[in-house]
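Let's take a friendly look at salt bridges in a protein model. Have the sequence and the 3D view at hand as you read.

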Amino acid sequence: MLDQYSLQTGAEGFTNITATVEKSLAESGIRDGICVVYCPHTTAGITINENADPDVVHDLLLGLSAALPDRPEFRHAEGNSAAHLKASCVGSSAAVPVKDGRLILGTWQGIYFCEFDGPRRRTFYVKILEG
């Protein structure tokens, strides 16, 4: 089973997609296995991080921008090389174990779609594997 979802993003930010992933898991009927969440975009990504305090997302975006700023010597004609760098560092997927029909996430963890070059209409996929 492969589910495809789409979302509208802002200029830059993290969207908590945990509930959507949990919906895919529930609909799959799979009790034990692994859940893979994948983003097919080169300027966006998927990550797992704290979902209790919104300041964490703010700080992650601030840290990524400080570590990977736009630079005048970048050559990519679209002018979004910093977004490509951030997406590469964050990664395009996350895998989460499934036990007893539930995602094995830590108490404060959530799954996020990370936008670095919006606003855009984006897609992500959820694959639940039994095992």
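Which side chains meet in a salt bridge at 2.9 Å, N to O? They are those of E12 and K86. A salt bridge here is a side-chain nitrogen of Lys or Arg within 4 Å of a carboxyl oxygen of Asp or Glu. By this rule the count comes to five salt bridges.

A word on the source: this is a predicted model, where local features need pLDDT of at least 70, side-chain atom pairs count only at pLDDT 80 or more, and totals for chains, interfaces and linings use all residues. Residues are numbered from 1 along each chain as its sequence is written, and side-chain values use heavy atoms, leaving out hydrogens and water.

**Buried or partly exposed**

Buried means under 20% relative accessible area, exposed means over 50%, and partly exposed lies in between (1.4 Å probe, protein chains only). E12 is partly exposed at 34%, whereas K86 is buried at 7%.

Among the five salt bridges are also these two:

| Salt bridge | N to O distance | Relative accessible area |
|---|---|---|
| R71 and E73 | 2.3 Å | R71 41%, E73 46% |
| R122 and E115 | 2.7 Å | R122 4%, E115 1% |

R71 is partly exposed, and E73 is partly exposed too. R122, in turn, is buried, and its partner E115 counts as buried as well.
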